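This briefing covers the salt bridges and pockets of one structure. The sequence and structure come first, then the notes by topic.

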Amino acid sequence: MEAVVPIKEGFCWPAFFFSLLWSLWHRLWLVALGLVAANLVISVLVFKSGANEAVTIVVSFSIALMLGFMGNDFRRSKLEWRGFTEQGLVLDRTAEAAVRLYLEARTGDY
């Protein structure tokens, strides 16, 4: 049977709190590179413009919030690029339970 990779639908808290580490863990190299580049650009712009650190904090928080909302979509896109196809939406409390429910539905073992 082919590999099943469950991906949560909705906000990704680990991507919000640990943006760079999360993207590296999931091998989302372009996302990680974009985070580093964005933080460098923000730091340089804030320093050059003479703005206070609050601006850096607000912009960094906004980037983390965006990654929280889009993190699982980035993972899904990477899997599609690697040849995986989305087979369906399964609702359950944990990823393991959702995979079990999906496989039971595919094999007919209810």
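**Pockets and salt bridges**

The second largest pocket is lined by Arg27, Leu28, Trp29, Leu30, Val31, Phe74, Ser77 and Lys78. The model is predicted, so local features need pLDDT of at least 70 and side-chain atom pairs count only at pLDDT 80 or more, while totals for chains, interfaces and linings use all residues. Residues are numbered from 1 along each chain as its sequence is written, and side-chain values use heavy atoms, with hydrogens and water left out.

**Second largest pocket**

- A pocket here is an open set of points on a 1 Å grid over the protein atoms alone, where a 1.4 Å probe fits, with protein on both sides within 12 Å along at least five of seven lines; lining residues have an atom within 4 Å of a point.
- The second largest pocket holds about 170 Å³ of space, a volume being the space filled by probe spheres set on the points, which are joined across faces, edges and corners.
- Helix H3 (29-49) and H4 each supply at least two residues of this lining; helices are DSSP runs (H or I, at least four residues), numbered from the N terminus.
- The lining has five nonpolar, one polar and two charged residues, where Ala, Val, Leu, Ile, Met, Phe, Trp, Tyr, Cys and Pro count as nonpolar, Asp, Glu, Lys and Arg as charged, and the others, Gly among them, as polar.

**Largest pocket**

- The largest pocket has a volume of about 900 Å³.
- Its lining comprises 34 residues, and Val5, Pro6, Ile7, Lys8 and Gly88 lie nearest the centre.
- By class, the lining of the largest pocket has 19 nonpolar, six polar and nine charged residues.
- H1, H4 and helix H5 (95-107) each supply at least two lining residues, and H4 gives the most, with five.

**Salt bridges**

- There are two salt bridges, each a side-chain nitrogen of Lys or Arg within 4 Å of a carboxyl oxygen of Asp or Glu.
- Arg76 pairs with Glu9, with the closest N and O atoms 3.2 Å apart. Arg76 lies in helix H4 (residues 53-81) and Glu9 in the segment before helix H1 (13-17), so this pair ties together parts that are 67 residues apart in sequence.
- Asp73 forms a salt bridge with Arg76, at 2.6 Å between the closest N and O atoms. Both lie in helix H4, three residues apart, about one turn of the helix.

- Arg76 is buried, with a relative accessible area of 16%; buried means under 20%, exposed over 50% and partly exposed in between (1.4 Å probe, protein chains only).
- Asp73 is partly exposed at 35%, and Glu9 is exposed at 56%.
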